[in-house]
Amino acid sequence: MAAKRRTEEMRDRVVLGEFGVRNVHTTDFPGNYSGYDDAWDQRRFEEAFRVDVIREDGDALEFDMVGIDAAIANAFRRILLAEVPTMAVEKVFVYNNTSIVQDEILAHRLGLIPIRADPRLFEYRNQGDEEGTEIDTLQFQLKIKCSRNPQAAKESSDPNELYFNHKGKDHAKFSPVATASYRLLPDITLLQPVEDEAAEMLQKCFSPGVIEIQNIKGKKVARVANARLDTFSREVFRHESLKNVVRLARVRSHYIFSVESTGILPPDVLVSEAIKILMGKCQRFLNELDSVPME
Amino acid sequence: MGTASMNPDVEFCGYCITHPAESKTNFRIQTRGALPAVEPFRKGLNDLMDVCQHVLNTFERSMKEYRAQREEQMQ
């Protein structure tokens, strides 16, 4: 019975010990565990997989993906950061810059401004094309004069800007997300009942809301209310009396994604685009496999 | 690589990047027995496509449900 529990723990939990993290790598390959059939089964995956949207506020989206492997969740995160294309300022033609800001600094800063143009409506520019066409370029004009204080020096910059369609891996200015990150769902288990003062101390060791104290038959008993809120400061390990009472772990296949967009595309569109890009890559690979003759 | 390694016929499956400056990846699949190695590679790619398609459908469905629920709560 205990052995089965330990195998389950090895398979689905990443355990945070006092001095290190255990069970980090995925081990459920076919043949590794006797008694488990781990061969890939699409139907089994579909039954176990689910997506729960937790919150959507304008540009920020928080959702859970349950039942997926670390490699694929990480692939989505990386694609969101570097491979979803956006439009950003690439070439700045400066005609008259009499301000204190140098040309290249101004150009760099203009490049970082997110452009509210749907990148899916544009195409990539072909290699070797010098002149922009309307399918791949946006052209803007910037004419400013600073004349607030007549005593101070006047600035005027008239740059003519071109906006190109590129991906985050060409330059970070092309990244469509303010950030995209995920964390694993925390799993806190109390191995023994904790009462009275120990319960109070335990509550202080975790983020507010994680441990709640209930009054059972006059005694204060601690209970794990909401493990999801915890940020794992591991304060428990600093107290000798509480160290062995709690098991800190994370659920290996439950990812809490947090995507914040820069405003170009809404975050749910970004996630959908990222998934489609991964599919596109697979398709390109398959086409390559089919076109190259194998011996 | 994730879905290819979940295949019981695959004896070895791994990748390494030759040098961070050049975008080349060495990918190796070895099968046990007489099975041609292209097969689990192809199957892995197809499975990954199916996984992504399913993830996409589930995600879009969840977004729709969440928004519908929010509409109801606002009314």
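Modeller: Helices (H or I, at least four residues) and strands (E, at least two) are DSSP runs, numbered from the N terminus. This is a predicted model, in which local features need pLDDT of at least 70 and side-chain atom pairs count only at pLDDT 80 or more, while totals for chains, interfaces and linings use all residues. Residues are numbered from 1 along each chain as its sequence is written, chains are lettered from A and ligands numbered from 1 in the order in which they are written, and side-chain values use heavy atoms, with hydrogens and water left out.

Colleague: What share of the residues in chain A is buried?

Modeller: Buried means under 20% relative accessible area, exposed over 50%, and partly exposed in between (1.4 Å probe, protein chains only). In helix α1 (residues 2–12) of chain A, the residues A:T7, A:E9 and A:R11 are buried. Of the 295 residues in chain A, the buried share is 39%.

Colleague: Against which elements do the buried residues of α1(A) pack?

Modeller: Contact means heavy atoms within 4.5 Å. The residues concerned are A:T7, A:E9 and A:R11. They pack against three strands of chain A: β1 (13–16), β2 (21–22) and β12.

Colleague: In what order do the elements of chain B run from the N terminus on?

Modeller: Chain B has two helices and two strands. From the N terminus on, their order is α-β-β-α.

Colleague: Why is chain B said to be more spread out than a compact globule?

Modeller: The radius of gyration is taken over C-alpha atoms, and the globule rule is 2.2 Å times the number of residues to the power 0.38. The C-alpha atoms of chain B fill a box of roughly 60 × 35 × 15 Å along the principal axes. For 75 residues the rule gives 11 Å, so chain B counts as more spread out than a compact globule, with a radius of gyration of 20 Å.

Colleague: Among contacts in chain B between residues at least 6 apart in sequence, what percentage joins residues at least 24 apart?

Modeller: In chain A, residues 24 or more positions apart account for 67% of the contacts with a separation of 6 or more. For chain B, the share joining residues at least 24 apart is 24%.

Colleague: How many residues does the largest nonpolar core have?

Modeller: A nonpolar core is a set of buried Ala, Val, Leu, Ile, Met, Phe, Trp, Tyr and Cys residues joined through side-chain atoms within 4.5 Å. In the largest one, the residues with the most contacts inside it include A:F63, A:V271 and B:V55, and its size is 49 residues.

Colleague: Which element gives the most to this core?

Modeller: Elements of both chains each supply at least two of its residues, among them β4 (60–66) and α6 (267–291) of chain A and β1 (10–19) and α2 (38–74) of chain B. With twelve residues, the element that gives the most is α2(B).

Colleague: Leaving aside its neighbours within four places in sequence, which residues are in contact with A:V271?

Modeller: A:V271 is one of the residues with the most contacts inside the largest core. Its partners come from both chains: A:L61, A:F63, A:L80, A:V259 and B:F59.

Colleague: Which residues does B:R42 touch, not counting residues up to four places away in sequence?

Modeller: B:R42 is in helix α2 of chain B. Its relative accessibility is 24%, so B:R42 counts as partly exposed. The residues it touches belong to chain A: A:L286, A:L289 and A:D290.

Colleague: How far apart in space are A:T262 and A:L242, C-alpha to C-alpha?

Modeller: A:T262 is in the loop between β12 and α6 of chain A, and the residues it touches include A:P114 and A:S175. A:T262 and A:L242 are 20 residues apart in sequence, and their distance in space is 43 Å.

Colleague: What is phi of A:K217, a residue other than glycine?

Modeller: Most residues other than glycine have a negative phi. A:K217 is in the loop between β10 and β11, and its relative accessible area is 82%, so A:K217 counts as exposed. Its phi is positive, near 50°.
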